[in-house]
Every structure is written in structure tokens, then in C-alpha cells.
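Work through the exercises below with the sequence and the 3D structure in view. Each task is followed by a solution in steps.

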Amino acid sequence: MARVAVVTGGTRGIGKAIAVALKKAGYKVAANYGSDDGAAEQFQNETGIAVFKFNVGDFQSCQDGIARIEAELGPVEVLVNNAGITRDTTMHRMSFEQWNAVIQTNLSSCFNMSKAVIEGMRERRFGRIVNIGSINGQAGQYGQVNYAAAKSGIHGFTKALAQEGAARGVTVNAVAPGYVDTDMVRAVPADVLEKIVARIPVGRLGKAEDIARTVLFLVADDADFITGSTLSVNGGQHMY
Ligand code: NDP
């Protein structure tokens, strides 16, 4: 039977590529999104993948969202915590709202979503959780204390939950992308982006598919000895 996989923020960018790759590999996929109904509808028409709108930063919404997904598709065996936002500015300009939005959406979401599926995974003695971190959580970044804190939090969350799940067949890993060509990075001013690309040894931005193939590798049934690891996919920009 096809395994059920949930991808948060699965209707655009990196999440979309992950959802599509999982479907191609035979998984039954649910793609979550937060607010952009137009993009979600287009995604659903294009891919035939079911979409589920709920806010991953809200605990109860995740409980309800997973209940809806499980009623429609079956028990969740693969969870990809991908949804994320940026609210970039320097610390002295950053408001509490900018800090909090990023922490809730990027980090608390990992707790909210994992909490909603972990018991079932433990009972069935199989689970795959992949959290999307970031090069900027590994190395820090000017203007991103909120984002870097959330992403480096993800790396710690991954290692701790991996230890808890190991004896129960639940693996937990992180992928740390470098700069990937999505809406998030297209929002960066062109001159800044040019300087960023100049620092990437392979000489290009990442493609969403570069991240998707890494996730596919980590969620495979026979990847059961890989847990608590962070795979950097960044064109050699930062080796950690
Ligand atoms: P995009 O901005 O292209 O897409 C973000 C996705 O997350 C959208 O589907 C969006 O939904 C969803 N989302 C945002 N907030 C919420 C929420 N509160 N609840 C549910 N869904 C939400 O981002 P990317 O594809 O670029 O990034 C994906 C992940 O990869 C993020 O975690 C990001 O931090 C990380 N990353 C990205 C890098 C890059 O260079 N692009 C580099 C390193 C890490 P909606 O369409 O409704 O807005």
C-alpha cells in the first residue's frame, strides 16, 4: 500500500517540488498551504495532489489539519516540515511581531505537526520526518536573527526527536538548503542576489528539485539507519 506523505507549504517552491517527487515515487501525498488559494488551486489542477489549507504555526489547526488528512488519505507515515517565511531586518529594527511570526511558522510548526503524527508513527513502528532547515541556520545571516534562530532551532529539534524515535522505527532528519530559486529568494534584490551567487562554488542557485531528491532519499523505507543527520544541499557554499 502506498505510504501517506504530508508536505507543509507543499503548493509552491521547494515544497511543491517535494510533493511532486513523492507522488512520482508512489506516495499518497497531501500538500498543506497557508493562505494563497490561487497558487494552491493551480497546483492541484496541475499535479492532482490533494491540498489542505491550515496554519502550521497554530497548534490546534495542525491537530485538525492532520485529522482531515488522515480521514481522507489514511495514517500519515511521512511528514516533511517545509513551510517557512522570512521577515528580514536587522535586530535593532525588528519588531516582536516579525520575530514571533518567523518563530511560530518556521519552528513551532515542527512541534505542532510532529506532535500530531508522532504517536501514530510510534505505534506503527514506522515514521519518516524531514525538517527543512537552512544554510542560514547553520552559518547565521545579517538581517535574519529571527530566521537563523528558527532554523538552527530546527537542527536541534531534529537531533533530539531522532533520539526519541530511533527505537521505534521513526527517523528524523533535516535538510539544510543553500540559496534556491523560489519566490522567497526572488524577493532578494538583484544586486544582493548576484553577490550571493558569486559565493556559491558550483556557480548557480539551487533548484527546488535539488532539495526534493534529498528528501526522497531520506524518507525511503531502506533509509532506516539514517537519523538525526542534517544534509547540506548548497552547492558547496558552506561546509558544516
Ligand atoms: P516559498 O515562499 O516559495 O513557499 C512557502 C510555502 O510555505 C508556501 O506553500 C506557503 O503557503 C507555505 N506557508 C507559509 N506560511 C505558512 C503557514 N503559516 N501555514 C502553512 N503554510 C505556510 O518558500 P520556499 O519554497 O523558498 O521555502 C521552503 C522552505 O525552505 C522554507 O522553510 C524555507 O525557509 C526553506 N529554505 C528556502 C531557501 C531558499 O533559498 N528558497 C533556502 C533555505 C531554506 P502559501 O502559498 O499559502 O503562502
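**Exercise 1.** How many Å from an oxygen atom of the ligand does a backbone N or O atom of Gly-34 lie?

*Solution.* The model is predicted, so local features need pLDDT of at least 70 and side-chain atom pairs pLDDT 80 or more, while totals for chains, interfaces and linings use all residues. Residues are numbered from 1 along each chain as its sequence is written, and side-chain values use heavy atoms, without hydrogens and water.

Step 1. For Gly-34, the separation is 3.0 Å, a polar contact (a pair of N or O atoms within 3.5 Å).

Step 2. Asn-82 also places a backbone N or O atom by a ligand oxygen atom, at 2.7 Å.

Step 3. In Asn-55 the side chain takes part: one of its N or O atoms is 2.9 Å from a nitrogen atom of the ligand.

**Exercise 2.** State how helix α1 and helix α9 are oriented to each other.

*Solution.* Step 1. Find α1 at residues 13–24 and α9 at residues 208–219; helices are DSSP runs (H or I, at least four residues) numbered from the N terminus.

Step 1. Their axes, lines fitted to C-alpha atoms over the stretch in contact with angles from 0 to 180 degrees between N-to-C directions, come within 8 Å and cross at roughly 50°.

How values were computed
Helix = DSSP H or I, 4+ residues; strand = E, 2+ residues; numbered from the N terminus. Parallel < 35°, antiparallel > 145°, perpendicular 65-115°, else oblique. Polar contact = N/O pair within 3.5 Å; in protein donor to acceptor, adjacent residues only side chain to side chain.
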